[in-house]
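Please keep the sequence and the coordinates open while reading.

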Amino acid sequence: MYRFDNRIVITLDAGGTNLVFSAMRGYENIVEPITLPSRADNLDNCLQQMVDGFSQVISQLNEKPVAISFAFPGPADYKEGIIGGYLPNFPSFRDGVALGPFLQNKFGLPVYINNDGDLYAFGEATGGILPEINKKLAELGGHKTYRNLLGFTFGTGLGIGEVINGQLNLGNNSCVETFCLRHKRLPDIIAEEGAAIRAIVREYASLSGDTTPGLTPYDIFKIAEGEHEGNQEAAKKAFEMFGEVAGDAIATAVTLTDSLVVLGGGLTGAAKYIMPALLKEMRSTLHTLSGDEVQRVQMRVFDLDDELEFAKFAVGDSREIKVYGSDDTVIYDPMKRTGIAITRIGASKAIMIGAYAYALSKIDEKENN
C-alpha cells in the first residue's frame, strides 16, 4: 500500500519504562532509534521527554516529516488524541491528557495516536501477512482476494485489532476488544485470564505444584521442550489450555467479522504447543436444541502456516458454471473458508508499519475530500 512511498512519518514505541523514537519511510526505519526514559510518574517530565525525543529524530532528517503517528496504551479517546483512565504504566495520564493536540501544537504536524492492537492489525493488513497471502493465492491460481483481517497479540494481555474491507475499525468508542469476552471454562471470568502470560504461569503452577518465584512462560516453554528441569506434561498442558481459551475468543471474533487471522506477540514462540488446541477449538461444533450440529465457526478454518492446508485454502471448491442461456462461464466457489497464520514480520515491526500506513492514509483521505 505505502511500501514505496517517500514520505516520512515520525514514530514512537511508548512503554512505561522507555520511550523509543524513530522515523519511517516506505515501511523501513531511516534513523537509529532514540531511547529515553519515560518518566511516566510525572506528567511534565514525561511530556518533555516526548518533545525531546521527537525533536532529536527530526533534527536527523534531511526533509520535513508529514506526520507523527504512534501507539499508546489506553483507555483513550484515540480519535481526539486524548489519553486518560487507569493506565498502570502511565500514572500521570490518569486524569486525562490531550496528548495529540499538545504534540500538534509543538511540532506543527498532524498527530495520530492509536491502540497497539489496532496498529498491529493495520500493519499486517498493509505491509505484512495479508498482502503476502493474497500474492501467494494469485500465484497458486486462487480466485479470491481477502480484505478482512483480525490481528491478535499474545502477551501481557490479549490484544486485538480489526481491519474490515481494508479499513481499520476503530469503533464508536475506541473500544474494539476481546479480552473481556467470557473465559470458555470459567464463564464469569474474562477470557484474558486464560489467554495471557499470567495464564501460562498460573496453570503450570496449578498443574505441577511448582511455585518457583519468577518463573516465566519462556522457562515453561523450555520445560515443555525438555531443556529445563520441571514437569514437562504440565508445561505442555498449560500452553494447550491457553490455546483453547484463545481459540474460543478468536472463534467469536471471526464469526462476527468473517476475517482471516494473524497472531503475534512473544507467546507465539510456543505456537507448536498452542496452535493444536487453538485450531481444535475453532473447528469444534455446537448443537441446536433439536440435536442438529453446526460448526463453531461457519467457515472452514485452515492453518495457513501449513503448506498443504494453504494449497487447499487457495483452491477451495472452485469450479466453472455456465451462465444460463449462454456459452459464458463464471467461477463458482461455494466453500466458505478462513485461515490463521503466525506473523512473519513480528508484532513490533507490524505496529510501526501500521502507524506509518495509518498516518498516510488519513493524510491522503483528507487531501482527496
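## Helix 6 and its surroundings

Directly after helix 6 comes G226, a residue with a positive phi, near 80 degrees. The model is a predicted one. Helix 6 itself is largely enclosed by the rest of the structure, because six of its eight residues are buried. The buried residues are P217, I220, F221, K222, I223 and A224. Their packing partners are helix 5, helix 7 and helix 8.

In soluble globular proteins, nonpolar side chains tend to be buried together.

Leaving out residues up to four places away in sequence, L278 touches F154, G243, E244, A246, G247, I250, L263 and I340.

## A helix pair

Two packed helices are described by the angle between their axes and the distance between the axes. For helix 3 (residues 116-127) and helix 10 (residues 347-368), the angle is about 80 degrees and the axes are 6 Å apart. The two helices are therefore roughly perpendicular to each other, since angles of 65 to 115 degrees count as such. On the side of helix 3, the contact is made by D116, L119, Y120, F122, G123, E124, T126 and G127. Helix 10 contributes A347, A350, I351, I353, G354, A355, A357, Y358 and S361. By class, the residues of this contact comprise 10 nonpolar, five polar and two charged.

## Cysteines and a buried serine

How many disulfides does a search of the whole structure find? The search finds zero. C180 is in no disulfide, and the nearest cysteine sulfur, that of C175, lies 6.7 Å away. The cut-off for a disulfide is a pair of cysteine sulfur atoms within 2.5 Å. C180 counts as partly exposed, at 46% relative accessibility, while C46 is buried, with a relative accessible area of 0%.

C46 is also one of the residues in contact with S38. S38 sits in the loop between strand 4 (34-37) and helix 1 (43-59) and counts as buried, at 0% relative accessibility. With neighbours within four places in sequence left aside, the contacts of S38 are G15, G16, T17, N18, L19, C46 and Q49.

## Backbone features in loops

Several loops hold backbone angles to check in the coordinates. G74 and P75 are joined by a cis peptide bond, with omega about 10 degrees. P75 belongs to the loop between strand 5 (67-71) and strand 6 (76-77).

N165 is not a glycine, yet has a positive phi of about 55 degrees. N165 is placed in the loop between strand 10 and strand 11 (167-168) and is partly exposed, with a relative accessible area of 46%. D258, also a residue other than glycine, has a positive phi near 50 degrees. D258 lies in the loop between helix 7 and strand 12 and is partly exposed, with a relative accessible area of 48%.

Buried or exposed: which describes F310? F310, a residue of helix 9, is buried, with a relative accessible area of 2%. Not counting residues up to four places away in sequence, F310 touches I133, K136, L137, L140, D303 and L304. L279 is 31 residues from F310 along the chain, and their C-alpha atoms are separated by 14 Å.

The loop between helix 9 (307-315) and strand 16 (319-322) contains G316. Neighbours within four places in sequence aside, G316 is in contact with D333, M335 and R337. G316 and P334 are 18 residues apart in sequence, and their C-alpha atoms are 8.2 Å apart in space.

Note on methods: Residues are numbered from 1 along each chain as its sequence is written. This is a predicted model: local features need pLDDT of at least 70, side-chain atom pairs count only at pLDDT 80 or more; totals for chains, interfaces and linings use all residues. Side-chain values use heavy atoms; hydrogens and water are left out. Axes are lines fitted to C-alpha atoms, for helices over the stretch in contact, and angles run from 0 to 180 degrees between N-to-C directions. Helices (H or I, at least four residues) and strands (E, at least two) are DSSP runs, numbered from the N terminus. Angles under 35 degrees count as roughly parallel, over 145 as roughly antiparallel, 65 to 115 as roughly perpendicular and the rest as oblique. Contact means heavy atoms within 4.5 Å. Ala, Val, Leu, Ile, Met, Phe, Trp, Tyr, Cys and Pro count as nonpolar, Asp, Glu, Lys and Arg as charged, and the others, Gly among them, as polar. Buried means under 20% relative accessible area, exposed over 50%, partly exposed in between (1.4 Å probe, protein chains only).
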